[in-house]
Structure formats: structure tokens, C-alpha cells
Amino acid sequence: MSVITISRQMCSFGDEIATALSQKLGWELITRDALLADFLPEIATRNELHMLTESAKFYLKESENNGTFLEYIDRTLHDLAQEQSVILAGFGSQVIFANDKDALHIRIIAPKKNRVARLKKQYNVSDIEAEQILKKADRKQTRFVFTIFGVDLTEPSYYNLLLNTAALSVDECVASITALLKERELLLQMEKQTEDTNVISNLSDMPVLKNQAEIEFAKILDMYQIDWKYEPKIFPIEWDPEGNITSAFSPDFYLTKFDTYIELTTMNQKYVTEKNKKVKKLRELYPGINVKVVYKKDYHSLIERFNVNKGE
Amino acid sequence: MDLNYKRVAFTEEILKNRISELGAEISRDYAGKDLVLVSVLKGTLYFFADLTRAIDLPIRLDFISIGVYPNATNRTGAVRITKDLDIDISGKHVLVIEDIIRTGLTTGYLVQNLESRMPSSVKVCSLLVNPEQQLINVPIAYYGFRVPNAWLIGYGMDVNEKWRNVPYIVEVDKADL
């Protein structure tokens, strides 16, 4: 399951973006208020809840049988994120999930003049009052995270994406985050395959297709807007007694979204037999890998079908 | 009808029984969920009509159609949606209904497109699948029958837009078309 954390300045539209994102993705949104109302009452007394509302230091206090309140929150949120995808807004969630590579960390900011204007409109206060309110809110927020985690929440390296809402609408921000989320899911899918094997990454920005068959096949994939990578991995399939790789196989195409490797075999039967052996070995050694072989006959029927400008 | 065919591949009764089973499976799996069934026009015409009536849930129905447009820089053209959904599928479960999945390229394109609209899930139900031809690992959750490489028409499937209205599925010789 996935996690998005959202750190936001007051009047940066961060709350609106978190809510809209939650609605768009159908993921639960958990804020500091929700933590206090729905999670912490499990272990905190009424007095302790009051203290947690008032004092950041209280999160570091031992609760009865559960370690500190912070440890309880950390554990509970990680457990929750195992079961479902969530959006976490505030309370230093970007630090809690800092080492979680499935998590996406977003920071929403806006220039002071925009935030002042928004606050004035919302609360009907003067410029000076608005500036003071924002200054105090920023200070409290920074101090809260520093007290609990010992880090500066304004440090950009805690975030994957920083959005300035001076000239971006809530919808545009939500669209940016969802686009990033989609790309990230594809990347993680590729990385997971590499983790437990000695597969060699072979990605390059500008693939050089080797023959006309590959060029035509790439065109068909493009026609269907199916994302592909050319020979992105080299799978070792034979080793000598000293463990040196003596034979490897690199399927022609990887369809990122569909987690499928495709090997084209449009040459002589002699080579096809050799290639079939390699594919068989690849499937034996890497059982999680999904490889499809397109034979000469299938390839020509594909080309024939698509050249007449018809769909399937 | 003046149709030369090799054999009847699936009779009306066989289709009806299998579709009834599929409807029951879908009703069980999606109970309590907000489900949208998407018919891929036009081949699913009769399958969609029969399947949706075999589902005992308050489902929503919508239609989508795709076509290939010529592209000046690529002689294979480009696939585009020619009739889009009317329903907003974000946060809803979507079941794409296909007549037959061969390479899976069309279905792959659709699944990719629908997933970008942030639904809760996108799965596929196809009356027929041909695993031998399948290139794309599309999420086929339900299928009626596996079929080999063959020319099949009827029950919505056509040749040059003809014979969709044959009430069963027949296998024909390419030479007879």
C-alpha cells in the first residue's frame, strides 16, 4: 500500500489539496486532529489527550504499556499503511515515513503576500494581524516537529515534491501529485524485480532499435500508447564454476505498465530454437518474470493487421 | 442467414449458461461495492446486454469505443477514444467488458487509460480469450471461454461490420469471408 505525506504552511491551500487528493484517490486522509480524535484515545486518558493537544514534548512521554505516544503513533500509522493507502497531513509524518521508499512526501507552500491575502479574506483581519498569525503558526509548526523529531521541517531534502500555490490551483496541484504517484508506482515495480536477482539494469534514454521488426513493433506499442523500454534488463542465465556469467539474455521490450517482457523472433528457425532455450531457462531461473515470445507468424499477422489501419 | 461456417463454436444455450455463471461470480465479488460496467463497443453488444442482466447488483452501465486514426508521422496511426464514458469513474470499481481478447493491446490501452482516472480498481471480463496470442498481461478477472487461433463471428463479433447479429458464435474459414 502507498503513503503520501503532506506538509503545508498555513493558508498555502495545503489542507484543500490534501482533501481533494483524498477524494480523487479514494484514500483516507489522516490529520493531527484525526490522530487525537480516533487513534490516541486508545491509549491516552482524557488528561493526557489534553496535554498532547497543548504540548509537543508530551508525545515523547511514556504511555502506559505502549512506549511513548510517538512510538505508538509511528507503529499505528505503519500498521495502517500496510493495510491501506493513506494520506497523512501534518504532525511530522514526512519524518515518520522518511525511510519508507513507497512513501511520497509533498510540501505545499505559498509566498507571504498570497498567504496574507488568503487569511485576510478568510478571517477579515488586517495585514499586520494576518502577518502575525502566520508568523506564529509557522513558528509553532516548526517547533512542534523540531521538538518531537529534532529536525527542521522546512528542509527541502525531506520532500519529493515542493508545490508553490502562488500561481497553481488546487486541481493543478492534485494533478501533479497524482501524475508523480503514477510514475513512481511504475518505477517501484521495476525496482522490485531487480532487488532479489542479479539482473543487470540496461536502461538508456535513447534506445537504438536493432532491426526493422523491432521498429515496427515499437510503432504498434506507441499506437496503443503502451509505455515500453528497450532491453532494460540483462538476465544472466549461465555461469561457469567460478560464478562468472557465461550466457545472458535480454528480452527486446519491457512493457512497464503491464510488467511484461516481449521477445521478437522473426529470424531463421535455427536461431528460434536457440532463443526458445534461452527463454525456457530465463523462466526457470526467474519464475516471477513474465516473458512472451512473438514468433515470425504472429509478428506478420500483427503487422498485417495494423498496416491496414484497423484496431484489434 | 446466408453464412458459410465450419462449425458452431458456442451455441446460444452454452453462452447463456456460462454468462449466468459469470453474472453470479461478479455479483458475489462486487457485493456492496460501487461498480461500473464498461462495454467496449461494438463487439460486446449482446454479451453486455446478457451479462448485466445476470448480475444481481445495482450496477452502473457505460459505453466506450476506440478507433484508429491515421497519423502523418507513423503509418500505423494512433488509437483514440471515439466515444468516451459519461460516468465519472474516480473512486469506483470498474469492470471492462470485452468480447474477445487476442493480443490484449486494445484492452491494455483501455485499462491504462481508465486507470489514469483514479478508479478504485479496474478489472476485465472477456467472453473469449486466446492465451496463445496474448502479449499484454491485462488484469483478466473473468472470462467465458478460452479459444484457439480461429476466425470467430456472431454474438456481436463481426467481419467487415456484418454478421454481428448471428445469435451464437461460429468458426469460419478465412477463405469464405
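**Conventions**

Residues are numbered from 1 along each chain as its sequence is written, while chains are lettered from A and ligands numbered from 1 in the order in which they are written. Because the model is predicted, local features need pLDDT of at least 70 and side-chain atom pairs count only at pLDDT 80 or more, whereas totals for chains, interfaces and linings use all residues.

**Chain A and its confidence**

Select chain A, which has eleven helices and 14 strands. Helices (H or I, at least four residues) and strands (E, at least two) are DSSP runs, numbered from the N terminus. Of its 312 residues, 28% count as buried; a buried residue has 20 or more other C-beta atoms within 10 Å of its own, an exposed one 12 or fewer, and a partly exposed one a number in between, with C-beta atoms placed from the backbone. Among contacts between residues at least 6 apart in sequence, 63% join residues at least 24 apart. A contact requires C-beta atoms, placed from the backbone, to lie within 7 Å.

Colour the chain by pLDDT, the predictor's confidence in each residue, from 0 to 100. The mean for chain A is 82, and 88% of its residues reach 70 or more. Confidence is lowest in β8 (residues 200–201), at a mean of 57, and highest in β7 (residues 161–164), at 94. At residues 308–312, pLDDT stays under 50, and the model has 14 contacts beyond four places in sequence for this stretch. Where pLDDT is low, the predicted coordinates should not be read in detail.

**The parallel sheet**

Next, select β2, β5, β1, β6 and β7 of chain A, which in that order form an open sheet of five strands with parallel pairing. Two strands pair if DSSP finds at least two bridges between them. The edges are β2 (28–31) and β7 of chain A; each has a single partner strand, so one side of each is left without a neighbour in the sheet. From one strand to the next, the twist averages 20°. Axes are lines fitted to C-alpha atoms, for helices over the stretch in contact, and angles run from 0 to 180 degrees between N-to-C directions.

Zoom in on β6 (residues 103–109) of chain A, joined to β7(A) by four bridges in parallel. Here A:Arg107 has A:Leu162 as its bridge partner in β7(A).

Within helix α1 of chain A, pick A:Asp15. This residue counts as partly exposed because it has 18 C-beta neighbours inside 10 Å. Beyond four places in sequence, A:Asp15 is in contact with A:Arg8 and A:Ala89. A:Val170 is 155 residues from A:Asp15 in sequence, yet the C-alpha to C-alpha separation is 9.7 Å.

**The mixed sheet and a hairpin**

Move to the open sheet of four strands ordered β9-β12-β13-β14 (chain A), where the pairing is mixed. Its edge strands are β9 (228–230) and β14 (291–295) of chain A, each pairing on one side only. Three bridges connect β12 (residues 253–255) with β13 (residues 260–265) of chain A, and these strands run antiparallel. A:Leu255 has A:Thr260 in β13(A) as its bridge partner.

Now select β10 (residues 233–239) and β11 (residues 245–249) of chain A, antiparallel strands joined by four bridges. They form a hairpin with five residues between them, and A:Gly243 in the turn has a positive phi of about 90°. A:Glu238 stands opposite A:Ser247 in β11(A).

**Chain B and the interface**

Show chain B, which has three helices and nine strands. Of its 177 residues, 36% count as buried.

At the contact between the chains, chain A contributes 29 residues and chain B 27 residues. On the side of chain A, the elements that each supply at least two residues are α1 (14–25), α8 (170–195), α9 (212–223), β13, β14 and α11 (296–307).

**The nonpolar cores**

Finish with the largest nonpolar core, of 60 residues, in which A:Tyr224, B:Leu95, B:Val96 and B:Ile97 have the most contacts. Such a core is a set of buried Ala, Val, Leu, Ile, Met, Phe, Trp, Tyr and Cys residues joined through C-beta atoms within 7 Å. Not counting residues up to four places away in sequence, A:Tyr224 touches B:Val79, B:Leu105, B:Gly108 and B:Tyr109. Apart from this core lies another, of 39 residues, including A:Ala18, A:Ala81, A:Val86 and A:Ile96.

How values were computed
Two residues are in contact if their C-beta atoms, placed from the backbone, lie within 7 Å.
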